[in-house]
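This report goes through surface, pockets, strands and ion pairs in turn. The sequence and the model are shown first.

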Amino acid sequence: MHQDDVLQDDAANVAQLLPRLMRQLNAGLHDPVVQLPLAQLRVLRVLRGGAMPMSAVGRELHASLSAMTQLADRLERARLVTRVPRGDDRRVRCLQLTERGERMMALHDEARVKIIAKVLGSLTPTERRQVTSALETFVEAAAASNDLSNAVRRRAASNIFA
């Protein structure tokens, strides 16, 4: 088998494993946040870092401004986020987690950690270290790949406008 074929097979396996892993972890999670659609949960997760303009949240999640507006409307009706003016430009509206949204995400994180601890508890200490190390390596490789892709896009854009 050719090296590129092995890489593609490995990528296909990981692509199948990641959703299965998340389904398995979420299966034991009796959590009101999990009942939210994935897109809304992703917005809440991004806002854990603090208030952000809707356009920035949209860029982070690769969502259009119209999609972000719909998501923000739903989350605001659920009292999980609020729109606040940005200090330096009152025309720009930022999304910010409400106290209720913060509490829900904290409870969600606690529940997720408990489930992961239960799964990790079924592994030996060596297996836990291997899993943690492999995940850290994979996250670092994904970040490096994204940084490279972003640099290539920026270079291509600068060549177009040069």
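## Nonpolar surface patch

Which residues make the nonpolar surface patch of about 400 Å²? The model examined here is a predicted one. In it, the patch is made by Val14, Leu18, Leu21, Met22 and Phe138. Four residues of the patch come from helix 1, which gives the most to it. One of the patch residues is Leu18, and Leu18 lies in helix 1.

## Largest pocket

The largest pocket holds about 1,200 Å³ of space. Its lining counts 27 residues, and those closest to the pocket centre are Leu18, Met22, Leu135, Phe138 and Val139.

Helix 6 has the largest share, with ten residues. By class, the lining is made up of 18 nonpolar, four polar and five charged residues.

## Second largest pocket

About 290 Å³ of space lies in the second largest pocket. It is lined by 13 residues, of which Asn26, Leu38, Leu41, Arg42 and Arg45 are the closest to its centre. Helix 1, helix 2 and helix 5 are the elements that give two or more residues to this lining.

Helix 2 gives the most to the lining of the second largest pocket, namely five residues. The lining divides into eight nonpolar, two polar and three charged residues.

## Strand pairing

How many bridges join strand 2 to strand 3? Strand 2 (residues 81-86) runs antiparallel to strand 3, and six bridges join the two. A hairpin connects strand 2 to strand 3 through two residues. Within this pairing, Val81 stands opposite Leu97 of strand 3, and Pro85 has Arg93 of strand 3 as its bridge partner.

Strand 3 (residues 89-97) also pairs with strand 1 (residues 52-53), again in the antiparallel sense, over two bridges. Here Pro53 has Cys94 of strand 3 as its bridge partner.

## Salt bridges

The structure holds five salt bridges. One of them is formed by Arg45 and Asp109, with the closest N and O atoms 3.9 Å apart. This pair links distant parts of the chain: Arg45 is in helix 2 and Asp109 is in helix 5, 64 residues apart.

Arg45 is also one of the residues closest to the centre of the second largest pocket. The two helices joined by the pair, helix 2 and helix 5, both give two or more residues to the lining of that pocket.

Terms used. Residues are numbered from 1 along each chain as its sequence is written. This is a predicted model: local features need pLDDT of at least 70, side-chain atom pairs count only at pLDDT 80 or more; totals for chains, interfaces and linings use all residues. Side-chain values use heavy atoms; hydrogens and water are left out. On a 1 Å grid over the protein atoms alone, a cavity is a set of points where a 1.4 Å probe fits but cannot get out, and a pocket is an open set with protein on both sides within 12 Å along at least five of seven lines; lining residues have an atom within 4 Å of a point. Grid points are joined across faces, edges and corners, and a volume is the space filled by probe spheres set on the points. Ala, Val, Leu, Ile, Met, Phe, Trp, Tyr, Cys and Pro count as nonpolar, Asp, Glu, Lys and Arg as charged, and the others, Gly among them, as polar. Two strands pair if DSSP finds at least two bridges between them. Patches are made of residues with over 30% relative accessible area and no salt bridge: like charges are joined within 9 Å, nonpolar side chains (Val, Leu, Ile, Met, Phe, Trp, Tyr) within 5 Å. Accessible areas come from the Shrake-Rupley method with a 1.4 Å probe; for residues, only the protein chains shown count as cover. A salt bridge is a side-chain nitrogen of Lys or Arg within 4 Å of a carboxyl oxygen of Asp or Glu.
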